[in-house]
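Colleague: Please take a close look at the salt bridges in this model, and then at the contact between the chains.

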Amino acid sequence: MAALSSPLRICRSILKELRYLKGPEYKGTMMYSYVLEQFRKNQVTSERYCRAQREAVHMSHTYQCLLESTRHHLELHNHYHGKGERSTQEAASLVGLRLPAQPGGKGWED
Amino acid sequence: MLQGLCKFHRRFAGALLPFAARPLTLTSSAHVLRANYGSATAERRKFYQDVSISQGEGGLFEINLDRRKLKTPGGKLFTVPNEALAIAVATEWDAQKDTLKFYTMHLTTLCNTALDNPTQRNKDQMISAALKFLETDTICYRVEDPPGLVELQKNEWDPVMDWIEKRYNVIIGSSSSIMGPQIPEETKETFRQHLESYNLWSLTGLEYVISQLKSVILSFGLIDRHLTVEHAVLLSRLEEEYQIQHWGNVEWAHDYDMYELRARTAAGALFVHLSSESSTLKKKLLRD
């Protein structure tokens, strides 16, 4: 498996993402206290292989990936798709067509 | 023909607009809030300030938007089995700025699906639906050309294939024919038995991950913590990544898709882990 980064780094990245979401008051959020509590609880003193700890690291990494990817996706979405769908008129003019203005006019079919 | 289309469009747009512009309807008398979720891409004005969680009947956690309780699109009270999931969902609602972007709230969506079960399926049907992907699993289908991609698929996919065959003691195999490999019935039976141990919630999450990655094998790799989300998504998009290396990356298509896939996959995996661990979490809470 691709090596997971250290718990400390994951913890920092999650907190960083929370700051992106909530701005300066991110320290007041539920998630902030929950994440810190979880990371403190799962700290172990020995370097022994610990299954529960590994699971916790994997889960926190997944959560960090969720936050980060959602942020990137939203950025790209706002950049490229933020205006929503084009109107029929705009879409038609993209390919050099015009919508019919009056019956029998140009582009009008029966 | 065009005339008919225009007329249709006008009527359709007319029917939709007042709906989209309509403010959220709150049933404040019962102090219960039914968020008007609308369609997946529609955005709605944010109508609350504070998000909090509370523990209600049966130890289930609820989400409160200001003083009102959140409900599902189906009208049920929105409840989740543990605190971690509740906080994660609350964070999604809390993170919304001026408008609610439901397409970024994957965990909320998954909870809604699990609570409402819109397709009204039972566990057996869900397991069958999930395992159906095994017959057309992404990493079972190999190309014969170009040589670079053949080698890439071999180098990247074979280790995962070896891992799952050892981990579950099954035979899957891969094939370059359009019919795919012949997967033995015993293999499906083994996976079916394994999935029997999942609850309805984790099955909802797992099915979501499988349908995102288009692969049962990669999904098991992720859920069993053999792969990270990034790695599983990379392996799922291997051919696309290969083409990108050759023809270049287009941000508004490739990166857009990749981040969306990562976000959805991560949400699904997290959902599986959080909803299958509710019992152990409770035990821990009691012990503390």
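Modeller: In this predicted model, a network of salt bridges links B:Lys132, B:Glu135, B:Glu185 and B:Lys188. Chain B also holds a salt bridge between the side chains of B:Arg237 and B:Glu241, at 3.2 Å from N to O. B:Arg237 counts as buried because its relative accessibility is 7%, under the 20% limit. Over all chains, a search of the whole structure gives 16 salt bridges.

Within chain A, A:Arg71 is joined to A:Glu75 by a salt bridge whose closest N and O atoms are 3.6 Å apart. Both residues belong to helix H3 of chain A and sit four residues apart, about one turn of the helix.

In one of the pairs, A:Lys22 meets B:Asp94, with 3.3 Å between the closest N and O atoms. Another salt bridge pairs the side chains of A:Glu55 and B:Arg225, 3.7 Å from N to O. This pair runs from the loop between helix H8 (216-223) and helix H9 (229-236) of chain B, where B:Arg225 lies, to helix H3 of chain A, which holds A:Glu55. B:Arg225 is classed as buried because its relative accessible area is 11%, again below the 20% cut-off.

The contact as a whole takes 37 residues from chain A and 44 residues from chain B. Between them the two chains bury about 3,800 Å², with 68% of this area on carbon and sulfur atoms. On the chain A side, the residues that lose the most area to chain B are A:Met30, A:Met59 and A:His73, which together account for 16% of what that side buries.

Polar contacts are also present: eight residue pairs between chain A and chain B, both residues at pLDDT 80 or more, are counted. The side of chain A that touches chain B draws at least two residues from each of helix H1 (7-22), helix H2 (30-41) and helix H3 (51-81). The largest share of that side, 19 residues, is supplied by H3(A). Sorted by class, the side of chain A that touches chain B consists of 18 nonpolar, 13 polar and six charged residues.

Technical notes:
Residues numbered from 1 in each chain as written. Chains lettered and ligands numbered in written order. Predicted model: local features only at pLDDT ≥ 70, side-chain atom pairs only at ≥ 80, totals over all residues. Heavy atoms only, no water. Contact = heavy atoms within 4.5 Å. Buried area = accessible area lost by both parts, 1.4 Å probe. Salt bridge = Lys/Arg side-chain N within 4 Å of Asp/Glu carboxyl O. Polar contact = N/O pair within 3.5 Å; in protein donor to acceptor, adjacent residues only side chain to side chain. Nonpolar A, V, L, I, M, F, W, Y, C, P; charged D, E, K, R; others polar. Buried < 20%, exposed > 50% of the residue type's maximum accessible area, 1.4 Å probe, protein only.
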